[in-house]
Amino acid sequence: MNILLLGPQGSGKGTQAKRISAEFGIPHIATGDMLRVAMEAETPLGLRVKPIYEAGRLVPDEIMIELIRERLEEPDAADGFVLDGFPRTTPQADALDAMLREIGRELTVVFALQVSDEICIERLLKRAREEGRPDDTPEGIRTRLELYHRETEPLVEHYRAQGHLVTIHADGTPNEVFAEIQAALEQVAVR
Ligand code: AMP
């Protein structure tokens with residue numbers, strides 16, 4: 001089961017990805033988490049991306065593509081994965097298509113989590129109070145939502161054209177959203 005989640009910051013992507021990962025025993029691959037680990041450990045990658053990350057901007061495609069290429073080669077991803085936070089741009093999506101083609105795999109389903117900007121902003125401000133992520137400032141939140149609409153939202157059509165897209169109403173509670181995802185996964189399994 002190769003699952004991809006698309007959605008703006010605050011759509012609950014991370015929460016849902018963790019639940020899918022636990023339910024199906026496949027790794028949750030979250031590029032934002034990978035960058036946070038690298039920054040914490042002050043690796044060369046971490047030091048390079050820190051100012052970009054903190055400004056809420058996008059890390060260059062080449063860096064992200066290489067990071068994902070290496071991660072997908074790890075043995076735990078051999079039976080499936082749930083990808084969260086990648087791809088975020090058309091070049092990243094094209095690179096992922098090529099990578100999967102090379103290893104003879106394809107995406108099982110792409111979930112597009114749909115939710116209004118207002119709800120995203122509300123959730124992200126709450127997360128800022130609770131977790132203190134350095135990019136969850138009002139300025140950072142605005143930048144990331146703008147970037148999502150401009151760079152990442154077009155990928156919804158990219159995956160719709162491939163026939164892998166399922167849209168999910170993501171404005172409900174985490175349990176409601178997960179129920180919709182589970183129902184869709186049952187449909188995919190039947191197909
Ligand atoms: P996230 O935890 O997914 O919200 O990601 C946090 C930050 O990490 C983003 O605002 C970007 O600065 C960076 N980032 C994560 N994934 C990507 C990606 N696929 N492409 C570019 N930048 C990324």
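**Close-up 1. Helix 6 gives the most to the lining of the largest pocket, contributing 6 residues.** In this predicted model, the largest pocket holds about 1000 Å³ of space. Of the 44 residues that line the largest pocket, those closest to its centre are Gln-9, Gly-10, Gly-14, Arg-127 and Arg-133. The elements that each supply two or more residues to this lining are helix 1 (13–24), strand 2 (28–30), helix 2, helix 6 (117–131), helix 7 and helix 9 (174–190). Sorted by class, the lining of the largest pocket consists of 13 nonpolar, 16 polar and 15 charged residues.

Close-up 2. Arg-144 counts as buried because its relative accessibility is 6%, which is under the 20% cut-off. When its neighbours within four places in sequence are left aside, Arg-144 is in contact with Gln-9, Gly-56, Arg-127, Arg-133, Asp-135 and Asp-136. Among these partners of Arg-144 are Gln-9, Arg-127 and Arg-133, which also belong to the residues closest to the centre of the largest pocket.

**Close-up 3. The packing of helix 2 (residues 31–40) against helix 4 (residues 61–72).** On the side of helix 2, the contact involves Thr-31, Met-34 and Leu-35, which meet Met-64, Leu-67, Ile-68 and Arg-71 in helix 4. The residues of this contact between helix 2 and helix 4 divide into 5 nonpolar, 1 polar and 1 charged.

Terms used. Residues numbered from 1 in each chain as written. Predicted model: local features only at pLDDT ≥ 70, side-chain atom pairs only at ≥ 80, totals over all residues. Heavy atoms only, no water. Buried < 20%, exposed > 50% of the residue type's maximum accessible area, 1.4 Å probe, protein only. Contact = heavy atoms within 4.5 Å. Axes fitted to C-alpha atoms, helices over the stretch in contact; angles between N-to-C directions. Helix = DSSP H or I, 4+ residues; strand = E, 2+ residues; numbered from the N terminus. Nonpolar A, V, L, I, M, F, W, Y, C, P; charged D, E, K, R; others polar. 1 Å grid on protein atoms, 1.4 Å probe; cavity = no way out; pocket = protein on both sides within 12 Å on 5 of 7 lines; lining within 4 Å. Points joined across faces, edges and corners; volume = space filled by probe spheres on them.
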